[in-house]
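Here is a short report for a reader new to this structure. It begins with the core, then turns to strands and charged pairs.

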Amino acid sequence: MIGFFLDAMETSSKHTLKTRVAQSDIDRDTLDAVHKLLGREPRGMLGLYYSEQTGLPAVVEVSCLVDLRPFPTLYWLIEPTICYWLDRLEAQGVIRELQEVIDASELMRSAMRADHDWYRD
């Protein structure tokens, strides 16, 4: 299954992202489009990445602190086609398999704990 995931990532080059645009440089129409794609007003948004192919907003970059509270998701994928394909991979168990790889590796578990500690502190 992980091989399928890696193959899908390799062949998804049609979904490359444009350079990050800072939140302060995003116009109102784009913010409205992000709101519509997210289903809510974006909170803690730092920047936005666009799909190079469609020109649509694709990824929202979020601060690690929102309203002075830790926010665990730093990147929100919002481009519908990419979301669909990621959903298909998740439905096929890829995330579970990746978690099993992490669980089996002391090095990866240690790195994950260190990352969590860094954000907590």
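The largest nonpolar core has 12 residues. They are Ile-26, Leu-31, Val-34, Leu-38, Met-45, Leu-48, Tyr-50, Val-60, Val-62, Val-66, Phe-71 and Ile-78. Such a core is a set of buried Ala, Val, Leu, Ile, Met, Phe, Trp, Tyr and Cys residues joined through side-chain atoms within 4.5 Å. Buried means under 20% relative accessible area, exposed means over 50%, and partly exposed lies in between (1.4 Å probe, protein chains only). Helix 2 (28-38), strand 2 and strand 3 are the elements that give two or more residues to this core. Helices (H or I, at least four residues) and strands (E, at least two) are DSSP runs, numbered from the N terminus.

This is a predicted model, in which local features need pLDDT of at least 70 and side-chain atom pairs count only at pLDDT 80 or more, while totals for chains, interfaces and linings use all residues. Residues are numbered from 1 along each chain as its sequence is written, and side-chain values use heavy atoms, with hydrogens and water left out.

Now the strands. Strand 2 pairs with strand 1 (residues 21-22) in the antiparallel sense, over 2 bridges. Two strands pair if DSSP finds at least two bridges between them. In this pairing, Ala-22 stands opposite Gly-47. Strand 2 also runs antiparallel to strand 3 (residues 57-62), joined by 5 bridges. Here Met-45 faces Val-62. Strands 2 and 3 form a hairpin with 6 residues between them. Gly-55, in the turn, has a positive phi of about 75°.

Beyond its neighbours within four places in sequence, Val-62 is in contact (heavy atoms within 4.5 Å) with residues including Met-45, Phe-71 and Trp-76.

Next, the charged pairs. Side chains of opposite charge can pair when their charged atoms come close. The count comes to 7 salt bridges. Each is a side-chain nitrogen of Lys or Arg within 4 Å of a carboxyl oxygen of Asp or Glu. The table gives some of them.

| Pair | N to O distance | Relative accessible area |
|---|---|---|
| Arg-28 and Asp-32 | 3.0 Å | Arg-28 46%, Asp-32 38% |
| Arg-96 and Glu-100 | 3.2 Å | Arg-96 48%, Glu-100 43% |
| Arg-109 and Glu-106 | 2.4 Å | Arg-109 26%, Glu-106 43% |

Arg-28 and Asp-32 lie 4 residues apart in helix 2, about one turn. Glu-100 and Arg-96 are also 4 residues apart, in helix 4 (residues 94-103). Arg-109 and Glu-106 are 3 residues apart in helix 5 (residues 106-120), so about one helical turn separates them. A network of salt bridges links Arg-28, Asp-32 and Glu-41.
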